[in-house]
Amino acid sequence: MAKVSKIKKIGVLCSGGDGPGMNAAVRAVVRAGCSYGLKIEGIMRGYQGLIENDLIEMGPRSVSGIIGRGGTIIKTARSSEFRAEAGQKKALATLKRHKIDALVVVGGDGSYLGANALYQTWGFPTVGIPGTIDNDLYGTDQTIGCNTAINTALEAIDKVRDTAHSMERIFIVEVMGNRSGHIAMQVALGAGAEDVVIPEFKPDYKAMCDRIMKGAKKGKISWIIVVSEGVVKAEALSSTITNMTGLETRSVVLGHVQRGGNPCALDRNISTRLGVAAVEQILEGNYGKAIGVIQDKINIISLAEARKRPFEEYKEYYRLISMLR
Ligand code: F6P
């Protein structure tokens, strides 16, 4: 780093839903910070740990062997207390008590809102790393954990396909993603699913059932329909389809299985790059920023901008799924 920085100690926390690769990001922040001569505090349980003064001093050895482990060793939480001014003041008091000069926040949309408040409202230096399986932030091609979650869901659907095919059944598979259809679309294309339901498209269940009946007449009885949790519950759609077609339908909710497991290569590597870049941005005095990766290059925008994800056009994905069913 060319500039001489006033920063001597940084904190790192994970916030919101965990995702595979968070540990790799924490490791990168800790080791990069140490290699620049900084002291590091790990904040346990996200903003809640900050409010409750739950911190641990970290060094290179405290992050040994975690690059390939799912979850996060410093734990994570959703803190409703931190949303209010009183909670933020308590958090700031902890940061002051421990002489922490800047904070790296690994998390999603809500976590970025908190990091932005710390910087914009209170002037405390923060940077954000996109840690969420939902891939619903702007300014990055990938969020930490998303690719692993997609692979986990694909592995499960491959297994569902075996039984769906053998018993000639329709399966509704519900995946995570909150209000984003990213996981569902990627998974549907990769699994060779016959249909997909996502928040970005208005579902037409009548048309879907017509297609199923048309297929059935030609001998196609097994279907996999991927649904994003943000639209409809798998069980409800399963009943709708059975009622409309008279065909046997089952539902599977993949749920939190998608959040666990060892991070894939892509998640380990982007987490590592984002973690180092976050420390370097802090040393450059570039605060209130969200670090991302676009076309394999580090990309930096404001935390506020990162929360404004534009509407995604999944038409091309849907065209392929429809053509290949
Ligand atoms: O934001 C990540 C995510 O896994 C979403 O996909 C999901 O809607 C939500 O978190 C589940 O949250 P929780 O673990 O608090 O039930």
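The domain assignment divides the chain into domain 1 (9-145 + 263-307) and domain 2 (148-259), the bounds coming from an automatic or database domain assignment. The structure is a predicted model, in which local features need pLDDT of at least 70 and side-chain atom pairs count only at pLDDT 80 or more, while totals for chains, interfaces and linings use all residues. Residues are numbered from 1 along each chain as its sequence is written, and side-chain values use heavy atoms, with hydrogens and water left out.

The C-alpha centres of domain 1 and domain 2 are 34 Å apart. Where the two domains meet, 14 residues of domain 1 are in contact with twelve residues of domain 2, contact meaning heavy atoms within 4.5 Å. About 960 Å² of area is buried between domain 1 and domain 2, and carbon and sulfur atoms give 47% of this area. Buried area here is the accessible area (1.4 Å probe) that two parts lose on being put together, summed over both.

Between domain 1 and domain 2 the count is one salt bridge, a salt bridge being a side-chain nitrogen of Lys or Arg within 4 Å of a carboxyl oxygen of Asp or Glu. The side chains of Arg259 and Asp18 also form a salt bridge, at 3.3 Å from N to O. On the side of domain 1 that touches domain 2 there are four nonpolar, four polar and six charged residues. In this classification Ala, Val, Leu, Ile, Met, Phe, Trp, Tyr, Cys and Pro count as nonpolar, Asp, Glu, Lys and Arg as charged, and the others, Gly among them, as polar.

The salt-bridge rule gives a count of 21. Side chains of opposite charge can pair when their charged atoms come close. Helices (H or I, at least four residues) and strands (E, at least two) are DSSP runs, numbered from the N terminus. Glu174 is buried at 5% relative accessibility, whereas Lys233 is partly exposed at 48%. Buried means under 20% relative accessible area, exposed over 50%, and partly exposed in between (1.4 Å probe, protein chains only).

A further salt bridge joins Glu194 to Lys220, whose closest N and O atoms are 2.9 Å apart. Glu194 is in the loop between helix 6 (182-191) and strand 7 (195-197), and Lys220 is in the loop between helix 7 (205-217) and strand 8, so the pair ties together parts that are 26 residues apart in sequence. Glu194 is buried, at 5% relative accessibility, and Lys220 is partly exposed, at 29%.

Within helix 11 (residues 315-324), Glu316 and Arg319 are three residues apart, about one turn of the helix. Their side chains form a salt bridge with 3.0 Å from N to O. Glu316 is partly exposed, with a relative accessible area of 44%, and Arg319 is partly exposed, with a relative accessible area of 44%. Elsewhere, salt bridges that share partners join Arg45, Glu52 and Asp54 into one network.

Finally, Ala102 lies in strand 4 (residues 102-107) and is buried, with a relative accessible area of 0%. Leaving aside neighbours within four places in sequence, Ala102 is in contact with Ile7, Lys9, Ile10, Gly11, Phe124, Pro125 and Ile282.
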